[in-house]
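Subject: Structure handover

Hello,

Here is the structure I promised to pass on. My notes follow below it.

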Amino acid sequence: MIFDTAIIGAGPAGMQAACDLRARELSVIVLDEQPAPGGQIWRGVERNCQPGSELAQRLGAEYRQGAGVARSFRACGADYRPLSRVWQIEETGPDATEQCWQVFVIREGQAEVVEARRVLLAIGAQERPVPFPGWTHPGVMTVGAAQIMLKSGGLLPEGPVWICGAGPLPLLYAHQLRKLGGQIAGFLDTAPRDTVRRGLPHLSGALRDWKSLAKGLAWQAGLRAAGLRRETGVRQLRAEGKDRLERIRWETPEGEKTAPAGVLLIHEGLVPSVHPTLSLQCEHTWSDAQQSLRPVLDAWGETTRRGLFVAGDAAGIDGARAALAKGTLAAVGIARSLDVLSEAKAKQARAAGDRALSKARATRPLLDTLYPAPEGKISDDVIVCRCEELTAGQIRAAAGRGSADPNRVKSETRAGMGPCQGRQCGYTVARLIAEAHDMPRAEVGFHNIRPPLKPVSVGELASLGKAKA
Amino acid sequence: MFRPLPDSSEGPTVTVFVEGQPVEAYVGETAASVLLRHLGTARTTSISESPRAPFCMMGCCFDCLAEIDGKGSTQSCLEPVRDGMTIARQMSARKVVAR
Amino acid sequence: MRAGADLIVIGGGLHGLSAALQSARRGLRVVLLEGAFTGRHASGATAAGVRSLARAVEELPLSLEAQAQWEDMTALVGDDCGFHAVGQVQVAMDAEAKARIKARIARLKAAGMHHESWIDPDRLAELVPVMQPGALGAAYVALDGSADPHRTIRAFRAACLEADVEILENRPVTWLGREETHWTVVAGGTSHVAPTIVNAAGAWGRQIARLAGDLLNVGIKNSMMIVTERCEPCLGPVVSAQNRKLSFKQTADGTFLIGGGVQGRLRPDGDSASVDFGALSGAMSTTLALFPWVADLRLVRAWAGMEAATADLLPVIGPSARAPGLIHAFGFSGHGFQLVPSVGRVIADLAETGRTRTDLSAFDPGRLATNRKAA
């Protein structure tokens with residue numbers, strides 16, 4: 001059958017959009033990689049929010065809110081397909097009578113094609129990859145990864161853990177860890193020290209959401225009260241060891257320091273997941289505030305390709321509450337484009353959605369200013385492309401050899417040709433090109449994304465032919 | 001590298017086989033998480049053969065590629081544990097076995 | 001306006017680079033204009049097969065010359081371009097294929113060409129132990145092989161710069177005009193003047209010809225290719241099959257490249273091609289029949305490369321009859337990679353002296369001329 005809408009991702013934005021579209025009696029299929037609804041922010045929310053769960057208490061009220069959304073989503077009547085990996089999205093050719101999208105999915109080793117009139121990408125974000133010496137060592141992982149371990153198995157790092165980076169997530173995780181009895185060796189804050197001076201212009205706007213501000217301040221106060229070792233102005237982090245992490249080294253304005261380490265968790269903010277929109281050649285724009293690309297969207301969440309919508313953090317990093325609002329707005333836009341919602345009603349619904357979104361975004365300019373993407377020099381020996389094991393030195397050499405086109409550098413070095421398709425190296429490669437050619441980062445762009453979006457086996461590809469026959 | 005909360009160790013478990021050894025896994029965790037807890041790594045790279053461990057746990061770093069139920073290069077962080085699942089590290093480049 | 005060039009090469013793919021390099025080595029002052037960056041399209045999307053096996057007989061003189069040049073590529077560009085003479089086999093899967101291959105080898109021998117030989121199933125199994133038994137034998141050329149396309153682009157580019165070729169990138173050609181003895185070429189906002197121009201614009205070759213007033217009937221091919229994850233080395237020769245969609249090889253990186261000429265889709269803008277997974281999926285059957293273990297390997301990337309293709313699948317090489325001072329070198333129809341060094345030599349001959357010892361009659365642009373008057 002041809003669905004009215006295929007939603008990719010069952011996080012806040014995807015679930016909300018599914019509920020809203022179903023309320024307008026549109027047929028909806030939701031494809032998600034995870035085994036249960038919630039996305040990353042509300043991962044495992046159904047299992048963890050069983051009555052009497054201590055974990056649910058410690059994960060906080062915003063996490064528990066996800067349980068209600070997941071419940072509504074389960075009941076909304078959308079065709080929900082967990083454990084489904086989307087590896088290609090195509091638009092039917094110009095000879096088709098009606099516009100239709102084909103979404104290629106792998107589920108349980110079988111490839112299939114889902115057809116839908118509209119596609120909504122609610123695929124969230126990933127943590128910003130920031131290479132440093134030793135970041136490929138076992139023992140080093142992201143704060144987000146550690147939090148996923150907590151949400152999807154109730155697992156805490158063993159022994160004292162180092163947390164290094166900047167942003168709300170490391171603070172939240174440190175706070176959660178402490179409440180659950182985990183040990184923190186120290187918190188290495190990489191945000192520049194002149195917080196107050198930079199933050200001040202954005203403070204009054206952020207006060208519209210004083211609850212979130214108060215919560216952030218409470219996490220920090222809690223960590224201080226617990227006597228946690230905290231270093232600020234941290235730069236030049238290094239993870240050292242033979243076959244795994246053994247010690248870390250860092251610099252502050254006061255000098256170089258070192259400490260033994262078993263687990264190091266890092267985090268430098270989030271970037272939208274843009275691989276599908278890049279591969280579909282949608283227009284993108286560079287956000288200086290968030291130092292990342294995002295798809296260009298109209299007021300209804302539609303990309304520059306008609307019938308393709310984006311909602312949630314994939315449209316720009318704004319957090320879970322904003323993702324719910326964006327899901328609602330995209331559902332309005334989709335209903336309008338399918339002619340089941342009049343222009344007047346759509347505008348009315350949009351105005352309400354815009355207000356909710358604006359409130360949910362109130363603290364964002366402050367957060368973006370307080371926690372900018374790190375700009376420290378990446379030394380030549382640092383691995384940039386984790387898949388192809390290429391160093392910054394190799395990328396720099398290639399960047400200087402010819403034009404400032406990331407595709408040229410990709411061809412010459414293979415950076416971005418591994419299975420991650422440049423999800424880990426793309427931004428760094430672009431930054432090194434911008435530095436080599438002394439041009440603004442926004443003008444460099446990103447290398448072309450070649451399919452598949454996620455690796456499929458040749459056998460799975462062949463199974464598609466059989467499914468079609 | 002990771003240990004269960006008191007809650008989780010009381011929760012439901014399944015038995016999986018990590019490189020032949022039966023181990024208990026918590027319902028809700030992934031094969032990558034089991035690898036981290038028991039071996040600390042998932043693979044060695046195909047170029048320099050250096051060890052790697054799951055890094056992002058959400059399907060975008062591909063450092064958790066492992067052999068799950070005999071299928072090589074599987075993103076182990078996207079595989080929830082199942083009873084009887086076999087999990088093994090993937091060492092170096094894949095080997096081709098002609099039948 | 002810039003002056004002073006003897007030759008303008010349009011197109012920074014491998015054929016353009018090779019023609020520019022070999023012309024510059026003869027003392028010509030060469031400007032190369034590339035619309036994007038060197039090797040952006042077909043040259044970067046190729047499987048880089050270095051193959052005389054099963055080539056059209058018309059191309060064989062250039063092919064065998066190139067075979068020898070590839071053996072000593074360092075002499076031409078200072079790098080071996082990752083070329084390995086791993087051999088190429090063309091498998092016969094059925095009796096008809098076997099008969100066709102044997103007849104071809106006999107024809108070649110009668111014409112005095114002994115590069116291809118027939119090998120029986122046992123020898124084939126020795127050469128390709130990872131292949132399923134069942135094939136009836138194969139045609140084999142030991143001196144064929146494959147190269148690293150990106151390394152080849154890098155080496156030709158570096159050699160061009162060394163030879164003082166002026167390489168100008170991001171210069172799509174928008175206008176061509178001839179006044180008496182000189183061409184003016186407008187590209188990316190700059191104009192360039194030279195008595196002779198080379199059209200090595202690949203998929204855009206037809207448009208360049210049209211700008212020069214030479215209307216040629218040349219189409220576009222969008223052959224798809226997939227590459228797998230890296231594996232331990234296990235496959236030496238490049239494997240194809242007679243009358244089947246198959247081209248299978250393992251690169252020096254350990255990845256497997258699977259091609260075979262399945263066509264992707266041309267995007268509506270006409271400037272790029274995209275992958276058609278439905279078609280690709282259906283075309284996996286021959287590969288999986290011969291190499292069933294490939295089913296377990298991860299496909300890491302797929303792409304469709306744009307390339308000019310002619311009706312007779314022979315390239316367009318030689319002076320234009322309608323536009324004096326224009327030399328064509330495009331339309332290789334998906335199998336021009338090996339010919340890069342020898343065709344570059346031919347173009348340098350033509351650019352330097354207006355003549356070449358090579359018989360180009362089969363590649364004559366005139367055979368593709370449309371009846372309409374030049375614009």
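Is A:Glu231 buried or exposed? A:Glu231 counts as buried, because its relative accessibility is 9% (buried means under 20% relative accessible area, exposed over 50%, partly exposed in between, with a 1.4 Å probe and protein chains only).

First, the ground rules. This is a predicted model, where local features need pLDDT of at least 70 and side-chain atom pairs count only at pLDDT 80 or more, while totals for chains, interfaces and linings use all residues; side-chain values use heavy atoms, with hydrogens and water left out. Residues are numbered from 1 along each chain as its sequence is written, and chains are lettered from A and ligands numbered from 1 in the order in which they are written.

Salt bridges

Over all chains, the structure holds 59 salt bridges (a side-chain nitrogen of Lys or Arg within 4 Å of a carboxyl oxygen of Asp or Glu). A:Glu231 takes part in one of them, with A:Arg229 as its partner. The N to O distance there is 3.1 Å. A:Arg229 counts as partly exposed, because its relative accessibility is 36%.

Next, a pair across chains. A:Arg386 and B:Asp63 meet through their side chains in a salt bridge, at 2.7 Å from N to O. A:Arg386 lies in the loop between β21 (383–385) and β22 (390–391) of chain A, and B:Asp63 in the loop between β5 (51–52) and β6 (65–68) of chain B, so the pair joins two chains. Helices (H or I, at least four residues) and strands (E, at least two) are DSSP runs, numbered from the N terminus. Both A:Arg386 and B:Asp63 are buried.

A:Arg414 forms a salt bridge with C:Asp253, and the closest N and O atoms are 3.0 Å apart. A:Arg414 sits in the loop between α14 (406–413) and α15 (426–437) of chain A. C:Asp253 sits in the loop between β15 (247–250) and β16 (255–259) of chain C. A:Arg414 counts as buried at 17% relative accessibility, whereas C:Asp253 counts as partly exposed at 30%.

There is also a network. A:Arg238, A:Glu240, A:Glu246, A:Arg247, A:Arg249 and A:Glu256 are joined into one by salt bridges that share partners.

Chain B

Chain B has two helices and eight strands. Their order from the N terminus is β-α-β-β-α-β-β-β-β-β. The radius of gyration of chain B is 13 Å, which agrees with the value near 13 Å for a compact globule of 99 residues (taken over C-alpha atoms; the globule rule is 2.2 Å times the number of residues to the power 0.38). The C-alpha trace of chain B spans about 45 × 30 × 20 Å along its principal axes. Of the 99 residues in chain B, 61% are buried. Contacts (heavy atoms within 4.5 Å) tell of the sequence separation: among those in chain B between residues at least 6 apart in sequence, 40% join residues at least 24 apart.

One residue in chain C

C:Asp349 is in helix α11 (residues 340–353) of chain C. C:Asp349 is buried, because its relative accessible area is 12%. C:Gln22 is 327 residues away from C:Asp349 in sequence, yet the two are 8.8 Å apart in space, C-alpha to C-alpha. Neighbours within four places in sequence aside, C:Asp349 is in contact with C:Arg26, C:Gly354, C:Arg355, C:Thr356 and C:Arg357.

Best wishes
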